[in-house]
Amino acid sequence: MKKSIYSKEYEYFTGQLKKARLEAGYTQIEVSKKLKKSQSNVSKEESGQVRLDVIQLKEYARLYKKDIGFFIRY
């Protein structure tokens, strides 16, 4: 069985995470400074190597000025 981190839904989520960053005009380095985490961690979250919890998603949504629904496909 495939791990859920590699599901199509999670792939969509991570794509939206990167898309939101680019639309906001931020680099991964800028995001890492604003969220007080390493650039490596931001990269791993965007690539799906590290999962985000709902609190972390809320921080990203606030930073990117996006509704949480933007990141999720129903």
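Helices are taken here as DSSP runs of H or I that span at least four residues, numbered from the N terminus. In this predicted model, helix 1, which comprises residues 8–24, gives the most to the lining of the largest pocket, with 4 residues.

The space in this largest pocket amounts to about 190 Å³. Its lining consists of Glu9, Tyr10, Tyr12, Phe13, Arg51, Leu52, Asp53, Leu57, Phe71, Ile72 and Arg73. When these lining residues are grouped by class, 7 are nonpolar and 4 are charged, whereas no polar residue is found in the lining.

Lysine 8 belongs to helix 1 and is classed as exposed, because its relative accessible area of 61% lies over the 50% that marks exposed residues. Between lysine 8 and phenylalanine 71 there are 13 Å in space, taken from C-alpha to C-alpha, and the two positions are 63 residues apart in sequence. Phenylalanine 71 is itself among the residues that line the largest pocket.

On the surface, a nonpolar patch is formed by Ile68, Ile72 and Tyr74, which together present about 350 Å² of accessible area.

Terms used
Residues are numbered from 1 along each chain as its sequence is written. This is a predicted model: local features need pLDDT of at least 70, side-chain atom pairs count only at pLDDT 80 or more; totals for chains, interfaces and linings use all residues. Side-chain values use heavy atoms; hydrogens and water are left out. Patches are made of residues with over 30% relative accessible area and no salt bridge: like charges are joined within 9 Å, nonpolar side chains (Val, Leu, Ile, Met, Phe, Trp, Tyr) within 5 Å. Accessible areas come from the Shrake-Rupley method with a 1.4 Å probe; for residues, only the protein chains shown count as cover. A salt bridge is a side-chain nitrogen of Lys or Arg within 4 Å of a carboxyl oxygen of Asp or Glu. Helices (H or I, at least four residues) and strands (E, at least two) are DSSP runs, numbered from the N terminus. Buried means under 20% relative accessible area, exposed over 50%, partly exposed in between (1.4 Å probe, protein chains only). On a 1 Å grid over the protein atoms alone, a cavity is a set of points where a 1.4 Å probe fits but cannot get out, and a pocket is an open set with protein on both sides within 12 Å along at least five of seven lines; lining residues have an atom within 4 Å of a point. Grid points are joined across faces, edges and corners, and a volume is the space filled by probe spheres set on the points. Ala, Val, Leu, Ile, Met, Phe, Trp, Tyr, Cys and Pro count as nonpolar, Asp, Glu, Lys and Arg as charged, and the others, Gly among them, as polar.
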